[in-house]
Amino acid sequence: TTIRSFIRSIYVATRVRPDLVLCNGPGTCVPIVMIVFLLRILGMADGNVVFVESFCRVHNLSLTGKLLYPIVDKFVVHWPELLQQYPRSQLVS
Amino acid sequence: MLSLSSSKRGHHGGGRSIFVTVGTTKFDSLISTVSSSQFLSQISKPECGAYVCIAVQYGRGAVTPFVSDNTSTSGVEQISDDQQHDSSDDNARLVEGVSCSSYRFKPTLRQDMEAADLIISHAGAGSIMEGLELCCAANGGRIKGGDATASGDVSQKRRKKLVVVTNAALMNAHQSELADALEARGHLFVVNDPSELLKEETLRQIEKFDQIPFEGGDGGADFAALVDNHFGFEP
């Protein structure tokens, strides 16, 4: 199903060409974010991604968070404990 | 039928009440513990809070509180769609001098949580957040993001508290991560096993616990500003 959603995401991302993708954690957002990022590298679209990590994550990131941390434009966390380990992240109360 | 929300403080002569919630989950060891005679006789003691009323929301559990033949040998009950909304599950009784009632689910637990002096919750993020919001309102804290309104009666020395019980049987290590982080900041009291609640020492500690209101977020204003800022929009 991941493969299927990946293919579907290519279709959606290229058709919609979102300026902004907001996502908050479940693994389902990984294909979309990766494709939006890929399109930007290829110069085919200009989408930005803001990822909000789960409020339950205090000391370490979720798997999705870890995967997407390098490629998103804004990475939002809710606990200051994460800022040291992930300096690119931003705290929102 | 007795239920917490219909019994105002005056109804029990100013008596205090406990509300136990497991949300949509199943937490049989907690439910067995809080419905046991041992627990009920402890909580009615003055040094443990002098509670006179307890309501238990037991979700998908196999254990039904406050019934005399409480066996789970028949295995897990099938939860049909009807039962999901069956709030007439109230089986109210008087046990060890404490008014006890229970139900599986209600459309919203807010009223019961508002009426209680002590909320004992599983460590689910949603239940924790709702509990914190209501405690903050009741204890006179400022709510920035939530929609609870502060009650006027903050002169009461006995404040509203939240106890969170983590479930070791679940593999969710990050459940206790949230509870522990909030406890470290003084916003709630963590119990790591339901059996701890049977100990008088634990109950005394809870009674003495001076909870710091969790003033929550700002309803998203910070986040909105962050996104706007990223695109170069001025606030």
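I began with a rule: a salt bridge is a side-chain nitrogen of Lys or Arg within 4 Å of a carboxyl oxygen of Asp or Glu.

**Ground rules.** I am working with a predicted model, where local features need pLDDT of at least 70, side-chain atom pairs count only at pLDDT 80 or more, and totals for chains, interfaces and linings use all residues. Residues are numbered from 1 along each chain as its sequence is written, chains are lettered from A in the order in which they are written, and side-chain values use heavy atoms, with hydrogens and water left out.

**Salt bridge.** I looked up the interface of chain A and chain B, and the rule finds one salt bridge there. I found B:Arg185 and A:Glu81 joined by their side chains, N to O at 3.2 Å.

**Side of chain A.** I then asked which elements of chain A give two or more residues to the side that touches chain B. They are β1 (20–23), β2 (48–52) and β3 (74–77), strands being DSSP runs (E, at least two residues). I noted that β2(A) gives the largest share, three residues.

**Extent.** I see 21 residues of chain A in contact (heavy atoms within 4.5 Å) with 17 residues of chain B. The buried area, meaning accessible area (1.4 Å probe) lost on being put together and summed over both, is about 1,600 Å²; carbon and sulfur atoms give 72% of that area.

**Confidence.** I read an ipTM of 0.77 and a pTM of 0.77 for the complex. Chain B averages a pLDDT (the predictor's confidence in each residue, from 0 to 100) of 79, and 72% of its residues score at least 70. I marked residues 69–89 of chain B, where the pLDDT is below 50.

Conventions. Buried area is the accessible area (1.4 Å probe) that two parts lose on being put together, summed over both. Helices (H or I, at least four residues) and strands (E, at least two) are DSSP runs, numbered from the N terminus.
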